[in-house]
Amino acid sequence: MFSKPLFKQNIQVNWKLSLIITIVASVILAGFIVNYDAAGYGSIAAAAEGTAFSNILSSMTSLLGSLENFYKLIAVILGIVYVVFTANNLVVNEVDSGSMAYTLSTPIKRSSVIFTKSLYLILSVILMYSVIGLVGLAASQITYRNVTGYPITDDIRAASNALNLDERYISERLYLIQEDKQAMREAAVARDMDTEAYSIYLESIIRDRSYEATATIITDERFDFYEDTNGIEGDEIEITVEELVANPAMILSSNEALNVGAKIHGISVNDYHQFISEEIIALDENLAPELARTETVMNRAAAETSQDSEAQEQMQDKRQLPVIVTEDNAKLLLQMVIDSSADALKINAEQVSENMTLMKDPIALEAATDATGLSEAQVINMANHGMVSSARSVDIALEFDLEVYLWLMLGLLLTILAMSSISFLASTFFNRTGFALAVGGGVPFAFFLITMVQQLMDSPGALKYLTLTSLFDTETILSGGDFGWGLIALGAIALILYIASNIIFVKKDLPL
């Protein structure tokens with residue numbers, strides 16, 4: 001069935017286009033990753049919310065999400081270009097030019113000819129996108145070192161220089177930064193924070209990591225305990241981070257979890273036991289510090305839009321009536337603080353948003369307290385909260401889920417294989433290059449155009465049934481939903497059409 005000489009000939013004829021497409025796609029993917037700006041793209045996505053571009057830009061709040069447009073658009077169109085021209089070169093172009101007659105005049109059977117050509121196209125696509133995927137992994141690892149561990153951010157690099165220790169070592173032992181004042185100062189500056197906010201940020205990171213690690217330990221222990229028990233599902237055994245935060249007492253019952261948690265905090269097991277005990281007490285007494293639930297401040301939303309003096313006097317009288325800040329009020333108050341701080345410092349509000357340490361300037365503090373009715377402590381707390389939230393969002397955006405990345409690459413590969421099977425089928429069905437290009441290139445390109453339209457729509461509606469690319473659901477893959485059947489369908493389509501192509505070519509009458 002397989003002809004080695006013919007396979008080598010196919011490589012010699014088509015390797016240049018394959019190499020060009022691979023290099024172009026790899027450079028573009030690496031460019032997406034290296035130039036990713038988590039904070040900047042997050043701001044753009046927020047600004048585009050509610051517009052026609054919100055669907056495209058909303059995914060850019062994470063590194064893998066920002067690659068969605070590469071997978072759905074750029075990689076697909078490059079793949080279509082490759083498979084359309086290669087499929088035509090492999091079969092119909094040889095038939096049309098008459099060179100197929102020479103090939104079939106050799107002892108090679110017709111079934112071996114078409115099988116070898118179809119195998120070449122399939123393997124070349126697999127090799128191409130495997131290389132592209134590996135380039136993406138390498139670019140992310142070299143830039144952020146997030147494939148094999150926690151992302152290396154600017155503060156880690158700064159602390160590493162201050163402590164003269166390896167960046168990976170520091171990223172896994174954040175408590176070392178807390179223990180060194182110089183490292184704290186330099187790391188805080190690198191993240192556009194002051195040491196007070198950065199200390200809060202480190203505490204939150206360390207706490208969350210300890211809960212993630214202990215949740216994994218407790219889940220593994222529960223699986224070992226319940227593995228032979230019938231009627232208990234894996235979801236019932238698994239302990240999530242959210243469940244552990246709500247009930248940290250579970251950590252106290254596991255010696256291994258206590259050891260792991262203590263290691264992450266850089267403290268003794270006894271001290272970590274005490275830390276968890278205090279977390280339990282704080283939880284029971286509802287003392288968890290959350291800005292939206294514990295801060296009682298003035299609600300002066302109406303004062304921002306009202307210029308009526310009487311209304312302003314009424315708002316002034318209400319300054320002594322504290323209210324619980326809702327999420328909407330908190331956002332409004334934060335914006336009022338930013339605007340008043342910017343006015344007082346005579347700078348742009350965007351500069352204050354990007355560097356909230358400016359809100360703690362004495363002049364800015366006075367202006368903010370006058371504008372909002374908040375105390376200085378509350379404004380400082382709001383600034384700290386904003387800086388920590390911004391830093392955490394960047395950290396989350398730079399996280400690299402290898403499993404998700406591999407599923408995205410597999411989905412992309414199966415999509416291109418399905419497209420290639422359409423082009424290859426047209427190449428074996430028609431005897432003229434023009435007809436084969438019209439169908440084998442027109443259908444995949446039409447799918448691509450529909451995909452572009454879908455990206456600009458809030459709801460694709462019936463359009464998703466008109467293109468194969470809808471089976472490659474990147475949003476569902478990124479969110480961890482059920483995407484398996486779509487990938488199976490793409491694989492089945494490719495397999496069926498390649499088999500049909502082989503049967504058609506073997507049985508058809510060729511104009512030799």
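Predicted model: local features only at pLDDT ≥ 70, side-chain atom pairs only at ≥ 80, totals over all residues.
Which residue lies over the face of Y150, and at what distance from the ring centre? I looked it up: R209 does, at 3.4 Å from the ring centre. My rule for a charge over a ring is NZ of Lys or CZ of Arg within 6 Å of the ring centre and within 35 degrees of the ring normal.

Residues are numbered from 1 along each chain as its sequence is written, and side-chain values use heavy atoms, with hydrogens and water left out.

I also found R110, whose charged end sits over the ring of F505, 5.8 Å from its centre.

Next, ring pairs. I pair rings of Phe, Tyr and Trp (its six-membered ring) if their centres lie within 6.5 Å; planes under 30 degrees apart are stacked, over 60 edge-to-face, the rest tilted. That rule gives me twelve aromatic pairs. One of them is F70 with Y71, edge-to-face at 5.7 Å centre to centre and 70° between the planes. I checked burial too (buried is under 20% relative accessible area, exposed over 50%, partly exposed in between; 1.4 Å probe, protein chains only). F70 is buried at 0%, and Y71 is buried at 0%.

Then I looked at Y272 and F275, which are stacked, 6.0 Å centre to centre with 20° between the planes. Both lie in helix 18 (residues 269-284), three residues apart, about one turn of the helix. Helices here are DSSP runs (H or I, at least four residues), numbered from the N terminus. Y272 is buried, at 0% relative accessibility.

Last entry: I see F2, F7 and Y120 linked into a cluster by ring pairs.

Conventions: Helix = DSSP H or I, 4+ residues; strand = E, 2+ residues; numbered from the N terminus.
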